[in-house]
Amino acid sequence: MLPGLVSSRLGAGRRRASSRDALLGVGLVASLPVVMICTFSLLPPTHGSAAWSLVTELGASLLAIALLWLPWPRLPALFLMVFPGILATSLIATASLDRSLTASYVGFLTVAFLYVGLTQSRLIPLLAIPIAIPIYVLCEVRVTPGIDVRLPIAVGTWLLISEVLADRSARSRRQTELLAAQVSSDGLTGLMSRMGLFREVHHALRDLNGVNDGCFMFLLDIDGFKSVNDTFGHPVGDEILIAFAQRIREAIRSIDVAGRLGGDEFAVLIKGANAAIAMSLGNRLLAAAMEPFDLTSGRVVLTASEGIVELTKSMTAPDVIRDADIAMYEAKSNGKNRLAFFEPRLQEEIVNRARLGMELYSGIEAEELDLHWQPTIHIGTGRTVGVEALVRWHHPARGLLFPEEFINIAEDSGQVVALGKWVLDRACQQGSDWQPVDIGRQLTISVNVSPRQMLDGHLCDYVRGALEASGLPATALVLEITERTLMVNSPLIRQQLDELKQLGVRLAIDDFGTGYSSLAYLRSFPIDIVKIDKSFVAALDEDEQAVALVHSIISIAEALGLDTVAEGVETPTQLETLRRLGCQVAQGFHYSAALPVDALSIYLEASDILPSYE
């Protein structure tokens, strides 16, 4: 829709310009013979002094120069037809005062109007200048014989006006070129601007021939950029955008076009490619985004999500950007740091996703959310050590929804902060009720915390309030944070973690081994527990490399004095391998699925609870 609208407006502009040119050209050029006839018929020769000639010449010159600065280019085309009227009025009015003054006005008003013609149409000077100069000279010779004095002055004044015209024309060209550059390129990164990119997409669609001429649009969004911007400030955010733009330039081919749509969204248009080339370039762009950014304020590690769409003849430029955007959000919903190709089904899914986001807001207020609990078991004794709170949503139309179906939506929309606070309050309250009566025994309550919650800056206050309201001991609460949260490397996150440790809360790093440079986090942050990702645990049955990797994680954690928990244990073989490798605690379907509160209460009544992770 947008290219058609732009084209129609441009076409209308060209039609208006053509009509204006014709009208202005006819009006100005036709007025010059009329002025000449009036001059020769109405004004007999006069003899004035040199001083008077000089004064009149300078007065006419000032009037002509003053007219140059009026906003003629912005006037309606019909208004330009007053030019002949101005000439005639000047002629009649000045003829009754001084005939030599009239001749000057005729000449210099003509020059001023010619300048207006230059600003309006290229046709005007071509037609008018050959007529204007002879008319002026004839007026001077016919009306004022003292041309020996007036002609040098006239020539000098004409040269002055020509210089003014040239200067204004040059400045106008520079301003036009600067404006065109600003419109076509992004001021921060130097990449093509949104408008320029739309123009390139429009041209690519127009030139598609369907034979070995595949075009693809990539849309990249930096994951977690808003959190970095909010934490470190916009100057650091700008550094990241500039650096990422340079990485895009280095990753693409010389024939490809890169642009910035706005914020942290970038786009790349490639031509003469196929799906394999598009996939290869997409992976290079993702790899470029994962490289650490060494900034003036420190090192920041980020990722990007990428959507790809192939251009077809039936599409418009807005269709291309929209479909690439949909594919990009599909990549984000699948875990970020990946790419996705557009498929027609995604358009319907994105609509459903937006609808689900609005329903989630209402669902939190209507208390449609609930917590299910999965036990964590000590591998050596088989006793229950703790439980992990996992949120569920009893959707009125879709039934029971699991976190993977709505947590990303909550994260993107910012609702995860309110959702996380609700989970924290409810988990602490329920966990307090489940605490053993026996002194020395404690059931740990694990709660997942998202990156957005950490960067909100109020997590410690929320935790402190939940503990005080529920009476749950701080040592019984375990907050699970992902490596992605630590990858932000934010001073605010470090401050939050230190304050939580001072409260006595234990900290676990969730899905360990799936992020970037994981081992560094074990030394840099106050972590108590390492949770081995379920993807490694699932491979223990048949992959010796997975066994070696898990053994390494357990050994390092033991050397650093950290507890280990294996996630997603489903088979006896996996459990036996973990026991042999020295893992302390496990959770998964082999022991129990996540249970509603009533079912877990029955489970705990029949279980022997160990004192923490001992």
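E542 sits in the loop between helix 20 (534-538) and helix 21 (544-559); helices here are DSSP runs of H or I with at least four residues, strands are E runs of at least two, and both are numbered from the N terminus. This is a predicted model, in which local features need pLDDT of at least 70, side-chain atom pairs count only at pLDDT 80 or more, and totals for chains, interfaces and linings use all residues. Residues are numbered from 1 along each chain as its sequence is written, and side-chain values use heavy atoms, with hydrogens and water left out.

**A charged patch**

- E542 counts as exposed because its relative accessibility is 75% (exposed means over 50% relative accessible area, buried under 20%, partly exposed in between, with a 1.4 Å probe and protein chains only).
- Together with D541, D543 and E544, E542 forms a negative surface patch.
- The members of such a patch have over 30% relative accessible area and no salt bridge, and like charges are joined within 9 Å; a salt bridge would be a side-chain nitrogen of Lys or Arg within 4 Å of a carboxyl oxygen of Asp or Glu.
- Asp and Glu count as negative, and the place of the charge is taken as CG of Asp or CD of Glu.

- Most residues other than glycine have a negative phi.
- K336 is not a glycine, yet its phi is positive, at about 65 degrees.
- You can find K336 in the loop between helix 11 (317-333) and strand 7 (339-341).
- With 11% relative accessibility, K336 counts as buried.
- E367 is also a residue other than glycine with a positive phi, near 55 degrees.
- Look for E367 in the loop between helix 12 (344-365) and strand 8 (369-378).
- E367 is exposed, as its relative accessible area is 60%.

- Q442 belongs to the loop between helix 14 (416-434) and strand 11 (444-449).
- A relative accessible area of 16% makes Q442 buried.
- The side chain of Q442 has a polar contact with the side chain of T475, at 3.1 Å (a pair of N or O atoms within 3.5 Å; within protein, one must be able to donate a hydrogen and the other to accept it, and residues adjacent in sequence count only if both atoms are side-chain atoms).
- Q442 and P473 are 31 residues apart along the chain, while their C-alpha atoms are separated by 9.1 Å.
- N229 is part of helix 8 (residues 225-232).
- N229 is buried, with 13% relative accessible area.
- The side chains of N229 and H234 make a polar contact at 3.2 Å.

Conventions: Patches are made of residues with over 30% relative accessible area and no salt bridge: like charges are joined within 9 Å, nonpolar side chains (Val, Leu, Ile, Met, Phe, Trp, Tyr) within 5 Å. Accessible areas come from the Shrake-Rupley method with a 1.4 Å probe; for residues, only the protein chains shown count as cover.
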